[in-house]
Amino acid sequence: MTKPPKPKPLLQDTDKPVRSRPRKPRDPAQPNLPFDPMPDRIEPCLALLKVRPPKGDDWFYEIKWDGYRLSVHIEPTGIRILTRGGHDWTDRFPAIKQAALWLPVGTAILDGEAVVLDEQGRSDFGLLQQSLGGRGGKKSSSDAIFMAFDLLYFDGHDLRNSELDMRRHLLEDLVPAGEQGDIRLSEQIEADGDQLLASAYELDLEGIIAKQRRAPYRSGRGGEWLKIKCIQSDGFVIVGYEKSTASFGGIGRLLLAARKGDELVYVGGVGTGFNERSAAELREQMDKLIIAKPAVDTGRKRNAVFIDPKLVAEIEYRAWTHDGKLRHTSYKGLRDAADEATVYELA
């Protein structure tokens with residue numbers, strides 16, 4: 001006859017509560033697990049403009065999104081959404097805020113772009129501006145979604161010194177590819193850069209972004225990220241407008257300037273791209289800034305009204321003339337001061 005097995009220790013004295021061993025006092029010499037303090041704000045990494053895509057396996061690509069650069073901070077106390085210039089726009093993107101609350105993470109900082117998509121799924125800066133009430137508007141946008149393309153802080157760890165491939169791996173666990181919520185992944189594209197740029201032309205996209213796989217995250221325009229545009233689009237200062245009785249808002253043509261060192265230089269104008277609403281909002285903004293003399297030499301202009309050069313317009317254009325003027329221009333919208341839009345710099 002075999003002996004019955006000995007009862008396991010936890011099953012002895014079943015009328016007594018089971019208890020774990022008493023905790024030992026912590027050894028002060030034992031190190032804590034290292035945690036990095038969560039940055040209050042991180043200056044964004046900016047893409048350097050190039051004419052052609054780079055060559056080599058060290059690069060991958062993404063679509064260039066046309067919207068507002070944001071960082072989404074998931075903090076123990078709640079969500080903060082900051083613009084490129086550090087302004088708190090949390091209340092202006094309620095859908096993105098709610099989506100951030102649902103992400104399965106304790107603390108994180110996501111880098112990305114707030115966009116509004118058109119019917120073809122392309123980002124449209126004008127639609128984003130309208131959803132926010134125009135430049136200087138205070139409306140909240142429920143149409144904007146957040147295209148996340150980097151992860152800078154994750155559950156107590158600062159990831160900026162990690163390679164981009166590792167940051168992307170963690171980001172894709174947090175925001176899986178293909179999901180259609182208010183926070184989406186800006187997907188990594190493995191392709192030949194020239195072929196991808198040709199496809200972007202065919203699809204009428206603004207351009208593509210190239211990123212070095214093994215690069216850490218560096219604030220500023222260091223060359224680890226490159227932008228290659230299908231259609232040139234840059235910020236130009238509005239220095240005045242020509243009046244017209246036949247155009248929306250009475251604006252026949254905006255007069256534009258670029259920077260050259262500390263000065264502004266006239267680079268021509270734009271008379272297309274307006275609709276009734278955008279022209280009315282623009283005219284209201286400009287009429288608050290009227291000045292008697294032009295801030296830059298625009299040459300002789302008929303029916304011109306000059307304004308204090310404080311407004312920055314996003315302008316699409318195809319080329320430059322031999323004398324330094326923009327060709328085939330189209331107005332896209334006013335950049336908001338909180339976005340800290342870069343004004344085009346002449347060489």
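Guide: Let's start at Thr-83, which is buried, with a relative accessible area of 6%. (Buried means under 20% relative accessible area, exposed over 50%, partly exposed in between, using a 1.4 Å probe and protein chains only.) Before we go on: this is a predicted model, where local features need pLDDT of at least 70, side-chain atom pairs count only at pLDDT 80 or more, and totals for chains, interfaces and linings use all residues. Residues are numbered from 1 along each chain as its sequence is written, and side-chain values use heavy atoms, leaving out hydrogens and water.

Back to our spot. Thr-83 belongs to strand β4. (Strands are DSSP runs of E, at least two residues, and helices runs of H or I, at least four, numbered from the N terminus.) Leaving aside residues up to four places away in sequence, Thr-83 touches Arg-69, Leu-70, Trp-89 and Ala-338; touching, or contact, means heavy atoms within 4.5 Å.

Strand β4 (78-83) also meets helix α1: the buried residues of α1 pack against β4, β3 (68-75), β5 (108-115), β6 (145-154) and β8 (183-185). Which residues are those? In α1, residues 94-102, the buried ones are Ala-95, Ile-96, Ala-99 and Ala-100. Look down the axis of α1 and they fall within an arc of 140°, so they line one face of the helix. (The arc is that of the directions from the helix axis to the C-beta atoms.)

Now for another part of the fold. There, four strands make an open sheet with mixed pairing, in the order β1-β10-β9-β2. (Two strands pair if DSSP finds at least two bridges between them.) At the edges stand β1 (48-49) and β2 (59-63), each with a single partner strand, so one side of each has no neighbour in the sheet. β1 pairs with β10 (residues 225-229) in the parallel sense, over two bridges, and Leu-49 sits opposite Lys-227 in β10. Helix α4 (residues 193-202) packs on this sheet, touching β2, β9 and β10. Helix α3 (residues 164-174) lies across β2 and β9 (207-212).

Finally, step back to the whole protein, with its five helices and 19 strands. Of its 347 residues, 46% count as buried, and Thr-83 is buried too. Among contacts between residues at least 6 apart in sequence, 68% join residues at least 24 apart.

Terms used. Axes are lines fitted to C-alpha atoms, for helices over the stretch in contact, and angles run from 0 to 180 degrees between N-to-C directions.
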